[in-house]
Amino acid sequence: MRIVIAGGHGQIALRLERLLAARGNEVAGIIRRPEQGDDLRDAGAEPVLLDLESASVEEVAAALRGADAAVFAAGAGPGSGASRKDTVDKGAAVLFADAAVRAGVRRFVIVSSMGADPRHEGDEIFDVYLRAKGEADAYVAGLDALDWTILRPGALTDDAGKGLVRLEAHTGRGQIPRDDVAAVLAELLDTPATAGLTLELVSGSTPVSVAVKSVAGN
């Protein structure tokens, strides 16, 4: 498969790129800064220079044409203000989804956040973030032209992945290593029967492949 990842230099994205490339996939990662390109090449991915806060739908669609799947793993990141939660966590996700539709890429996986909700209340930065992620999820889920899966990990850690997870519609709060998030994303991309599902993810006792097959109904 050819897979294009938005937020290609992110911590989860770099892990995912390595996994997908090792499986023999052709991987491209969208980045904002040229100096990030070497890290993507080291991970086995092709860097695509594009700013999702200023690019047009057609520019992003051009980067997506010919892909079999798209993954939105971009984020404004810690330390960013409320305005960038709106332009990246929501705006860039909406743009990437619209571009996937225009490019004819049906399979679409979005990395969201546990607690994401378009009706989330509050004015703190994290409240704005959860609302923005929720609005992005709702937008993607409303696009009939996409075979979407929404993944909502718990609190992210840099612990070594164990490959053991809990993946369900509702898991309750918990932590999850970024390694294991990437492993689940790779498995979701290989499992089209997970389309239409919104899934929460935390560490657990079930091997990744078994957990994904389970939610897919296999």
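User: What makes two strands count as paired here?
Analyst: This is a predicted model. Pairing is read from DSSP bridges. Two strands pair if DSSP finds between them at least two bridges.

User: In which sense do β4 and β5 pair, and over how many bridges?
Analyst: Strand β4 covers residues 69–72. Ala69 stands opposite Arg107 of β5. The two strands run in the parallel sense, and their bridges number four.

User: Which residue of β6 is the bridge partner of Arg107?
Analyst: Strand β6 spans residues 147–153. β5 pairs with β6 in the parallel sense over five bridges. Within β6, the partner of Arg107 is Asp147.

User: Why is β5 described as largely enclosed by the rest of the structure?
Analyst: Arg107, Val109 and Val111 point one way from the strand, and Phe108 and Ile110 point the other way. Residues on both sides are buried. β5 is largely enclosed because its buried residues number five of five.

User: Is Glu187 buried or exposed?
Analyst: Glu187 lies in helix α6, residues 178–189. Its relative accessibility is 14%. The cut-off for burial is under 20%. Glu187 therefore counts as buried.

User: Which residues does Glu187 contact, leaving aside neighbours within four places in sequence?
Analyst: Glu187 belongs to α6. With those neighbours set aside, its contacts are Arg23, Val208, Ser209, Val212 and Lys213.

Conventions
Residues numbered from 1 in each chain as written. Predicted model: local features only at pLDDT ≥ 70, side-chain atom pairs only at ≥ 80, totals over all residues. Heavy atoms only, no water. Buried < 20%, exposed > 50% of the residue type's maximum accessible area, 1.4 Å probe, protein only. Contact = heavy atoms within 4.5 Å.
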